[in-house]
Amino acid sequence: MPFLNRIQRWAEERPHDTAVVVAGHRLTWAALRDSAAGLVPETKAVTALSEANSVNFVVKFAAALAGGRQCAVLDPAWPASLQEDISRRAESSAQPAAVSPDDDLADGAPEATFLIGLTSGTTSVPKAFTRSRRSWQESFDASIEFFGLSAGDVTLAPGPLAASLNLYALAECLYAGTEFQTLETFDVGDVHAAITHDRVTRLVLVPTMLRMLSERGLTGCVDGSGVRSIICAGSKLDARTLEAARRWAPNATIFEYYGASELSFVSGVGLPARAAAAVGGTGIGRPFPGVDVRILDDAGTRLPDGAAGNICVRSAMVSNGYLWGDDGEALRSFGGWFTVGDQGYVEAGELHILGRRADMILTAGKNVYPHEVELALAAVPGVAAAVAAGVPDDLRGQRVVAGIVPSAGAVTATQLKAGLENILARDKWPLQYYAVTELPITDRGKVSRKLLLDWISSGDHRIRNLGA
């Protein structure tokens, strides 16, 4: 099961308690059960759900999983033609169990597929992978234990429900019987209002959101002391974001974790309130409950501690594989150990993330991952954010360059190099620094190293050479 049987239970035990709040619109457990059950007779075997954040999304999502039904959640911002293409593929490729208008709002067989997950995409058709009900139940049990989700928590995930981070947070709360909240769209003021007035104790969000909430919360004197858990995914927290979050929400344990849609949770770490944080490192904690991690080379041979290679996972939470779009590389298996191609190493039991192999910079025979350079630079005083990349170099093959967003005033290359001492090995230091007025961001909101290189080659007005 994922969570439908649990909804039935909570609706019987606590029918008038709040289950879900979306932008002030509330659903009790009984209302959620009854509304979703009312939609089951008209819900197809395979649903392509494309809807903005609303209580209707939650009701339709629950109905779309009843019995043997399967659901693909689409980003409503995707072009209509792309959504139609995905819908056709899902209906023709999926093999759901037989469904009936008389089906109850109940979970299907544990091993059966219930979710068709999609990688993000705008110009091409995203890859589609499938998840079994049991894999999500295993994930729920692991994440509830790891993050310490309790009955009295109120979770706010202010991002789009079409994103896997927020969709999972919704489902986890439905499974655990705790209140879940979100917004129609992300707005700092609305999040602060929810924290102040709706007893929010738990935030699930990406680092960029946390930084905005923390910095503006401190400036606007918004009290974040009632927040007890902050769960971040997407990228490792930089030093400035972590420091601001600790000041704004002083009683919160701040969790970071590594995972992937195809793998589920892999490893994580929780920084307790008032505990000192190590800055600039690549470590992302120890494996989740029920997860084994190994570092394997491309031949599937296990590597020793400290040696970098493919981060490989064995757990009951791994997806079933791809429904379409499998190129043989996106999700690989070495005798039951699965990897999505992320590179890293294990040291003293802790997993360290280096990044994707495609991003690696080969400079003077040394492998350098931009991710570790960026984390180190973000820990340097005077740096608000950083992005690193490799440019061709006749002598070294490639050389490392970095774009820096200063936190206040000006920053010099000399200050940057002094700040990297004891944080990053010298042979990984950038050989050229640039001040940028803003991070190079794609139209999907992701930092782009390629765009940084384009700015450098074109002499873009947003970039200024700081020297070596």
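This is a predicted model: local features need pLDDT of at least 70, side-chain atom pairs count only at pLDDT 80 or more; totals for chains, interfaces and linings use all residues.
Biologist: Why is Ile 361 called buried?

Modeller: Buried means under 20% relative accessible area, exposed over 50%, and partly exposed in between, with a 1.4 Å probe and protein chains only. The relative accessible area of Ile 361 is 1%, and the residue is therefore buried. Ile 361 belongs to strand 21 (residues 361-363); strands (E, at least two residues) and helices (H or I, at least four) are DSSP runs, numbered from the N terminus.

Biologist: Why are helix 1 and helix 2 called oblique to each other?

Modeller: The axes of helix 1 (residues 4-13) and helix 2 (residues 29-39) come within 8 Å and cross at roughly 135 degrees. Axes are lines fitted to C-alpha atoms, for helices over the stretch in contact, and angles run from 0 to 180 degrees between N-to-C directions. Angles under 35 degrees count as roughly parallel, over 145 as roughly antiparallel, 65 to 115 as roughly perpendicular and the rest as oblique. Helix 1 and helix 2 are therefore oblique.

Biologist: What residues make this contact?

Modeller: Helix 1 contributes Ile 7, Gln 8, Trp 10, Ala 11 and Glu 12, and helix 2 contributes Trp 29, Ala 30, Leu 32 and Arg 33.

Biologist: What makes strand 3 (46-50) and strand 16 (321-324) edge strands?

Modeller: They belong to an open sheet of five strands, in the order 3-4-5-6-16 with mixed pairing. Two strands pair if DSSP finds at least two bridges between them. Strand 3 and strand 16 each pair on one side only.

Biologist: How many bridges join strand 4 (residues 70-74) to strand 5 (residues 113-118)?

Modeller: Two bridges join these strands, which run parallel. Cys 71 stands opposite Leu 115 in strand 5. Helix 4 (residues 80-93) packs on the sheet, where it touches strand 3, strand 4, strand 5 and strand 16, and its direction makes about 110 degrees with that of strand 16.

Notes: Residues are numbered from 1 along each chain as its sequence is written. Side-chain values use heavy atoms; hydrogens and water are left out. Contact means heavy atoms within 4.5 Å.
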